[in-house]
Amino acid sequence: MELRTANVTRYIMPLREGGSLPALAEADDGFNYVVKFRGAGHGTKALIAELLGGEIARALGLRVPELVFLELDEAFGRTEGDEEIQDLLRASRGLNLGLHFLSGALAFDPVATTVDPTLASQVVWLDALLTNIDRTVKNTNMLTWHKELWLIDHGTSLYFHYTPTTRRKHILSPFPQVKDHVLLPRASFIAEVDAGCKALLTPGKIEEITMLIPGDWLLWSDAEETPEQLREMYAQFLTERIARSELFVNEALHARELLI
C-alpha cells in the first residue's frame, strides 16, 4: 500500500469549523484538498489517527475521500495576512495530510437521511474499534455526496497514543462512549457485521496500513521508542483490539438496547 504525494501550491481558505484550523488548498496535481496540518494543536498524532482511521475504513469497504500526503515547502504561506494561519503554516513545513475535497457534499443530517442498517452497523463497529469519540449528533463527521455516505475526520480516534502507557487499558476498553454514536439507533446488525469486519482486517492488512505512517510523524519528543517500535505499537493495539472485538460489540449492543 502507498499514498500519493502532492505539493500544496495555493492556500484557498481556512475551514474554521475545525478546532485545529484545517484548510482548503490546491495542490500541483490540480485537485483541491482539505489539509490537516502537522503544526496544529495535537501535532502528528492527530494525522496518524486520521491516516489509520481513514485507511481502515477503506479496507472495510466504507467510503472515505482519498487520502494523500501533502508537502508544504518553506516559502509557502509567507504572504498570508492572518498571523495565526501564518504561524500554523510555518509550523507545518514538510509532510501533511490531505483529504480529497468532495465539491458539493453536504453535512450528514440524521433526521433527513436514512442510513441502511448494515452500513450503520459497520460504521459503529469501526468507530468502536478506533475508540472514535467524535461521531455524534452534534458533530457527525460524515458527508452526503451523490446520495452516498462518506466518512471524514478520524483525528480524534486512537486517543491512547496521548498516554501510551495506558494502551493495555484501551485495548480492553468496551468503549462506553458508543452510546452517543449518531448511527447507533440504525445499527441493528452490529453482531452480524463483526465476523466480516474481522475477516477483512487481518494482522497482515493492519501491518500494511500502519506501515503507511511516515517516519518523521513518529519522532515524538515524549517517546523513547523508535519510529519502527511506534508503528508496531499501533499495529499491536489494533490487532489485539480486533481479536477481542466482543468487548466493544457487546457494549454497543447493550447501549442500543437502552435506546430502543
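Not counting residues up to four places away in sequence, Thr-44 touches Arg-38, Trp-217 and Trp-220. The structure examined here is a predicted model. Thr-44 is found in helix H1, and with a relative accessibility of 14%, under the 20% limit, this threonine counts as buried.

A second residue worth a look is Leu-62, which sits in the loop joining helix H1 (43-59) and strand E4 (67-72). Although placed in a loop, Leu-62 counts as buried, its relative accessibility being 6%. Once neighbours within four places in sequence are set aside, the contacts of Leu-62 are Ala-57, Leu-119, Gln-122, Val-123, Leu-126 and Leu-151.

Attention now turns to a pair of helices. Helix H3 (residues 117-130) packs with helix H7 (residues 227-243) at an angle of about 130°, and their axes are 10 Å apart. The two helices are therefore oblique to each other, and the crossing in which H3 passes H7 is right-handed. On the H3 side, the contact is made by Ala-128, Leu-129 and Leu-130, while H7 supplies Phe-237, Leu-238, Arg-241 and Ile-242. Sorted by class, this contact of H3 with H7 comprises six nonpolar residues and one charged residue, with no polar ones.

How values were computed: Residues are numbered from 1 along each chain as its sequence is written. This is a predicted model: local features need pLDDT of at least 70, side-chain atom pairs count only at pLDDT 80 or more; totals for chains, interfaces and linings use all residues. Side-chain values use heavy atoms; hydrogens and water are left out. Axes are lines fitted to C-alpha atoms, for helices over the stretch in contact, and angles run from 0 to 180 degrees between N-to-C directions. Helices (H or I, at least four residues) and strands (E, at least two) are DSSP runs, numbered from the N terminus. Angles under 35 degrees count as roughly parallel, over 145 as roughly antiparallel, 65 to 115 as roughly perpendicular and the rest as oblique. A crossing is left-handed if the near helix is turned anticlockwise from the far one by less than a right angle, and right-handed if clockwise. Contact means heavy atoms within 4.5 Å. Ala, Val, Leu, Ile, Met, Phe, Trp, Tyr, Cys and Pro count as nonpolar, Asp, Glu, Lys and Arg as charged, and the others, Gly among them, as polar. Buried means under 20% relative accessible area, exposed over 50%, partly exposed in between (1.4 Å probe, protein chains only).
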